[in-house]
Amino acid sequence: MTPRGRRPAGSPDAREAILAAARAAFARDGYRASLRGVARDAGVDPALVHHYFRDRAELFAEAVVASAAGTGAVGISERAQAISRLAPEELGEGIVRSFVGLWDGLGGDRFSALIRAAMSDDESLAPFRDFIATGILGSIMDKLAPDRPELRGQLIASQLIGFGVTRWMARLDQAASLGIEEAVALIAPTIQRYATGDLPSSAA
């Protein structure tokens, strides 16, 4: 018999309930979030989590990184490819508009989960941290930056992550209430300078 209150295997909303519970758990606890706790919060048997998702990494990728159905948000890799096709002088606006649009669409809980996971000391996350820090921006900078692409990518990441923490994690009211075009107008010039401007020689 199915325990009272739990969704049975095959229930059409069981998988979505697991994903929603996982997003909240990863946002709260980082990558070490308990899968048993996810099952409890979703109202399903723990075995059902493994029925739908092979392991923690697959659940994390689906719940946090994959595009949200129905939001109209395009995945991270697709957005990076679109940015890489911009003219160098359009990078600041393009990066900020894509970043804010993506995470406004996917939701602050996903951004929180992504950042908390990246800060984990779990050795299995080293490739994931590299992906966040340099994988996306590094490939763009390699193609479009005049010099020092890795440094430029990391400087841009620091600006974007800082804004993201302020907007979606700390939820400071002024930053959280900015419209996307306001955010672009305020932040894009700094991103543009990091992307294509002259860097002090002491930074070499």
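Me: Leaving aside neighbours within four places in sequence, which residues is Phe-111 in contact with?

Reply: Contact here means heavy atoms within 4.5 Å. This is a predicted model, in which local features need pLDDT of at least 70, side-chain atom pairs count only at pLDDT 80 or more, and totals for chains, interfaces and linings use all residues. Residues are numbered from 1 along each chain as its sequence is written, and side-chain values use heavy atoms, with hydrogens and water left out. With neighbours within four places set aside, the partners of Phe-111 are Phe-99, Trp-103, Ile-161, Gly-164, Val-165, Trp-168 and Met-169.

Me: Is Phe-111 buried or exposed?

Reply: Phe-111 sits in helix 7, residues 108–118; helices are DSSP runs of H or I with at least four residues, strands are runs of E with at least two, and both are numbered from the N terminus. Buried means under 20% relative accessible area, exposed over 50%, and partly exposed in between, with a 1.4 Å probe and protein chains only. Because its relative accessible area is 2%, Phe-111 is buried.

Me: What separates the C-alpha atoms of Phe-111 and Ile-161?

Reply: Ile-161 is one of the contacts of Phe-111. The two residues are 50 apart along the chain. Their C-alpha atoms are separated by 9.4 Å.

Me: Where do the buried residues of helix 9 fall, seen down its axis?

Reply: The buried residues of helix 9 are Arg-152, Gly-153, Ile-156, Ala-157, Leu-160, Phe-163, Gly-164, Arg-167 and Trp-168. The arc is taken from the directions running from the helix axis to the C-beta atoms. An α-helix has 3.6 residues a turn, so residues three or four places apart point the same way. In helix 9 the buried residues line one face, because they fall within an arc of 140°.

Me: How far does helix 9 reach from its first C-alpha to its last?

Reply: The expected span of a helix is 1.5 Å times one less than its number of residues. Helix 9 has 21 residues, with 30 Å expected. Its reach is close to that, at 28 Å.

Me: What is the phi of Arg-148?

Reply: Arg-148 is in the loop between helix 8 (126–144) and helix 9 (149–169). Arg-148 counts as partly exposed because its relative accessibility is 24%. Although Arg-148 is not a glycine, its phi is positive, at about 40°.
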